[in-house]
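Hi everyone, thanks for coming along. Today I'd like to walk you through one model, one piece at a time.

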Amino acid sequence: MTREKSEVYIISDVFKNISKLPPLLPILYFLLVRTLKLNMELFIISVIALTMQLHRMQLPREVVVGNETLPLLSEICKKLGFCESALVVTGPDTQSIAGRRVIDLLSDKGMDVDVFVVKSSTLWEVRAVEEKIKDLKPQVVLGVGGGTKIDVAKLSSTRQGIAFISVPTTASHDGIASPVAAIKGLKKPYSVMAQSPMAIVADTDIIIRSDYRFTASGCGDLVSKFTSVRDWELAYKVKNEYYGEYAASLALMSARLVTKNADVIKPGAEEGLRLVLEALISCGVAMSIAGSSKPCSGSEHLFSHSLDLVEPNGCLHGEQCGVGTIMMAYLYDIDWKGIKDTLQRAGAPTTAEELGVEPESIVKALVQACTIRPERYTILNTKKLDYASAKKLAKVTSVIS
Ligand SMILES: [Zn+2]
C-alpha cells in the first residue's frame with residue numbers, strides 16, 4: 001500500500017534568503033560575473049539557485065479531540081487506508097485504560113491487531129518494537145498511552161518507514177502531536193526528530209481520568225513557548241538561523257490561551273482539559289510547520305533536560321519546563337511573575353520544593369543547561385550563568401528560597 005501523507009512543500013521566498021546570505025557572498029558573486037562578462041540575468045538566476053531552500057512540512061491529517069472519540073479510531077484508520085493490520089504500542093497500565101479497547105475496536109472491524117507493551121522510553125524498547133514491526137509488517141503503529149509509549153511508537157515507526165497514530169491517555173506535554181521523540185539511551189539527552197502522527201485521537205473521557213498532575217504538567221509545557229519563541233527569534237537575529245513567523249505565532253498563541261484560561265484548567269473540568277489538549281496539538285503542528293522543535297523548545301527545555309541529568313528520577317517534563325520558563329523569562333526581562341501566576345492557577349509547580357528536587361539541583365541544572373545542546377542558540381549563550389549568578393536567578397524568582 002502506498003503511504004499517503006499530508007505533506008506540503010514550500011519554496012521559501014528566495015529574495016528574503018538573498019538578504020540572509022553572508023554579506024560578502026553576493027559581492028564576490030557579482031565581481032565573478034563581471035570578470036567573466038556573464039549577463040545579469042544569469043547572475044540573478046545563479047543567486048536564486050544558490051539561495052533557494054525547500055521547506056518540507058509533514059502535518060497530521062485527522063485530529064479528533066472530545067468526549068468518547070475513541071470509537072472513531074476504526075473509521076479514521078479505514079479513511080487513511082489502514083484496513084488490514086496494526087501494531088498497538090501501549091504500557092502495562094495504559095493497556096487496561098485504553099489499549100485493550102483500541103485492540104477490540106480495530107479487531108472488530110476485521111483488522112489483524114498485535115500489541116507490544118513497553119515500560120519505558122529507552123532505545124532498547126524502540127529497537128524491540130522495530131523488530132516486531134519487521135516481523136509482523138503492520139500497516140500502521142498506534143501509540144496508546146502517555147508520553148513514553150507515544151515516543152517509542154513514534155520513533156520505531158519512523159525508523160521502519162511506516163505511519164503512526166497518536167492516542168494519548170494524558171495531556172502532559174506536546175509530544176502527543178509533535179514530530180519529535182524523547183528517548184533515553186540515544187547519544188542526546190533531549191528530543192530527536194521523528195515523524196508527525198498521521199492522526200491524533202484524544203478522548204477527553206479517558207484523559208480526564210488520569211492524574212491531574214499530568215494536565216498541570218501540560219500547562220508547564222505550554223507556557224514554555226513564551227521563552228522558546230524568544231530564543232528562536234534570538235537565534236535568527238544573532239546566528240541568522242531560519243525563523244518562521246507563522247510557526248512562532250502558533251506556538252505563542254497556545255501559551256497565551258493557557259494564560260487567559262488558567263482558571264478553568266482544574267481537576268475534573270472537561271472544558272479546561274480540551275483547551276490544554278488543543279493547545280498542545282497546536283504546538284505539535286507548530287513544530288511540524290517549522291520542521292524543528294525550535295518554536296517549542298528553548299532555554300527552558302535545556303534547563304529541564306539538564307535537570308533530568310542532575311536528578312534522573314525527578315518530575316514530569318512539563319513541570320520542569322514550567323519552572324525553567326519562570327527563570328528564563330526573568331533573563332529576558334519579560335513578565336515572569338505573570339507566568340508564575342498562570343502556573344499556580346493551573347496547579348503546576350513553581351518552586352524546587354513543589355518539584356520535589358533539592359535547591360542545589362536547580363542551580364546545577366541552570367549552570368550546565370547551556371552545554372546540553374550547544375548548537376541550539378538561546379538566552380543562555382548571551383547571559384552565561386556561573387554558580388553565583390544561577391543561584392541568584394533561582395532565588396530572585398523564588399524557585400529556591
Ligand atoms: Zn516540551
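Let's start with a question: which strands and which helix do the buried residues of H6 pack against? Keep in mind, as we look, that this is a predicted model. The partners are strand S4 (85-90), strand S5 (112-117), strand S6 (140-145) and helix H7 (147-159).

So who are these buried residues? In H6 they are Glu125, Val126, Val129 and Ile133. They sit on the same side of H6, because they cover an arc of only 100° around the axis. There is a handy rule behind patterns like this: an α-helix has 3.6 residues a turn, so residues three or four places apart point the same way.

As for the helix itself, H6 covers residues 123-136, which is 14 residues. From its first C-alpha to its last, H6 reaches 20 Å, close to the 20 Å expected at 1.5 Å a residue.

Lys137 belongs to the loop between H6 and S6. Is Lys137 buried or exposed? Lys137 counts as exposed, because it has 12 C-beta neighbours inside 10 Å, and a residue is called exposed with 12 or fewer.

Glu68 is another residue other than glycine with a positive phi, in this case near 55°. Look for Glu68 in the loop between strand S3 (62-66) and helix H4 (73-79). Glu68 counts as exposed too, because it has 10 C-beta neighbours inside 10 Å.

Next, the sheet. Six strands form an open sheet, and if you trace across it the order is S3-S10-S7-S6-S4-S5, with parallel pairing. Which strands are at the edges? They are S3 and S5, each of which pairs on one side only. On average, neighbouring strands in this sheet are turned by 15° against each other, direction ignored.

Let's zoom in on one pair. Strand S7 (residues 163-168) and strand S10 (residues 199-203) pair in the parallel sense over two bridges. If you find Ser166, its bridge partner in S10 is Ile200.

Helix H12 (residues 270-290) touches S3 and S10, and its direction makes about 160° with that of S3.

Now let's step back to the whole chain. The protein chain has 19 helices and ten strands. Of its 401 residues, buried ones make up 50%. If you take contacts between residues at least 6 apart in sequence, 77% of them join residues at least 24 apart.

Finally, how confident is the predictor? The chain averages a pLDDT of 89, and 87% of the residues score at least 70. Over residues 1-22, though, pLDDT stays under 50, and the model has 32 contacts beyond four places in sequence for that stretch. Where pLDDT is low, the predicted coordinates should not be read in detail.

Key:
Residues numbered from 1 in each chain as written. Predicted model: local features only at pLDDT ≥ 70, side-chain atom pairs only at ≥ 80, totals over all residues. Helix = DSSP H or I, 4+ residues; strand = E, 2+ residues; numbered from the N terminus. Expected span 1.5 Å × (residues − 1). Buried ≥ 20, exposed ≤ 12 C-beta atoms within 10 Å, placed from the backbone. Arc of directions from axis to C-beta. Contact = placed C-beta atoms within 7 Å. pLDDT = per-residue confidence, 0-100. Pairing = 2+ DSSP bridges. Axes fitted to C-alpha atoms, helices over the stretch in contact; angles between N-to-C directions.
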